[in-house]
Amino acid sequence: MNKPLIVCALEAETQGQLKEYDVLYTGVGKVNATIRLMEKLGGIFLSREGAMLPSIVINYGTAGSRKIKKKQLVDCTKFIQRDMDVTGLGFMRGETPFEDDPPLTIKSTSEFNPINRNALCGSGDNFVEDKTNYYGEVVDMEAYALAKVCYKRQVPFISFKYITDGADEQAHEDWEANLAQGIEEFHKRVISKID
């Protein structure tokens, strides 16, 4: 039987507390997340038939938000690419040029969601400390890439983010100070609900 796969950028985010689960650490950023998850799933162009794909991919990590208070665990079920900006050629912000599928906003296909806030996560390859790169309720650096790989492979995907900082000028200090607390909330509110 296929089991869930938990995907995190950094082992520091889990504090070594997920050893009994199938966990993939990708490294930081959309490119690393894409490569590592594609390797784990056996390549994006392989058919689903016969592949031992996970029953669900659950992304856990830390994030910033200007709309959700710090020290809260939220579920992200909508994903955009906040640093894709080809508006100069007439495309919408977040839209990948000349690509019809997936849509601008990728939506979670997971039936598993013990939180049900359904936040919009904007992923980009930069750490947000000002309003320039802020786009979405939650900002991170990997979720969109993971969601896109799962969309292409038709694997249910959901992301849970612990809000460590306000995506402002104190973000780096707040992220370091609040990093360790998130895994406790993830265990209590998500891991304990996995069948």
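Modeller: Buried means under 20% relative accessible area. Keep in mind that this is a predicted model.

Colleague: Fine. Why does Ser159 count as buried?

Modeller: Its relative accessibility is 0%, and the cut-off is under 20%, so Ser159 counts as buried. Ser159 lies in strand S8.

Colleague: What makes the pairing of Ser159 with the side chain of Asn59 a polar contact?

Modeller: The side chains of Ser159 and Asn59 come to 2.7 Å, and the limit for such a pair of N or O atoms is within 3.5 Å. Leaving out residues up to four places away in sequence, Ser159 also touches Val74, Asp75, Cys76, Phe79 and Ala143.

Colleague: Phe79 again. What is Phe79 in contact with, leaving aside its neighbours within four places in sequence?

Modeller: Quite a list: Leu104, Thr105, Ile106, Ser108, Leu120, Cys121, Ala143, Tyr144, Ala147, Phe157 and Ser159. Phe79 is also among the residues that touch the most other members of the largest nonpolar core, along with Val7, Leu37, Val57, Cys76, Val138 and Phe157. That core has 27 residues.

Colleague: Which elements give two or more residues to this core?

Modeller: Strands S1, S3, S4, S6 and S8, plus helices H1 and H2. H2 provides the largest share, seven residues. There's also a second, separate core of 16 residues, including Val23, Tyr60, Ile183 and Ile191.

Colleague: Which residues of H1 are buried, and what puts them on the same side of H1?

Modeller: Lys30, Ala33, Leu37 and Leu41 are the buried ones. They cover an arc of only 60° around the axis, so they sit on the same side of H1. An α-helix has 3.6 residues a turn, so residues three or four places apart point the same way.

Colleague: What covers the buried residues of H1, and what does the face turned away carry?

Modeller: The cover includes S1, S2, S4, S6 and H2. The face turned away from the buried side carries Val31 and Glu39, both exposed.

Note on methods:
Residues are numbered from 1 along each chain as its sequence is written. This is a predicted model: local features need pLDDT of at least 70, side-chain atom pairs count only at pLDDT 80 or more; totals for chains, interfaces and linings use all residues. Side-chain values use heavy atoms; hydrogens and water are left out. A nonpolar core is a set of buried Ala, Val, Leu, Ile, Met, Phe, Trp, Tyr and Cys residues joined through side-chain atoms within 4.5 Å. Buried means under 20% relative accessible area, exposed over 50%, partly exposed in between (1.4 Å probe, protein chains only). Helices (H or I, at least four residues) and strands (E, at least two) are DSSP runs, numbered from the N terminus. Contact means heavy atoms within 4.5 Å. The arc is that of the directions from the helix axis to the C-beta atoms. A polar contact is a pair of N or O atoms within 3.5 Å; within protein, one must be able to donate a hydrogen and the other to accept it, and residues adjacent in sequence count only if both atoms are side-chain atoms.
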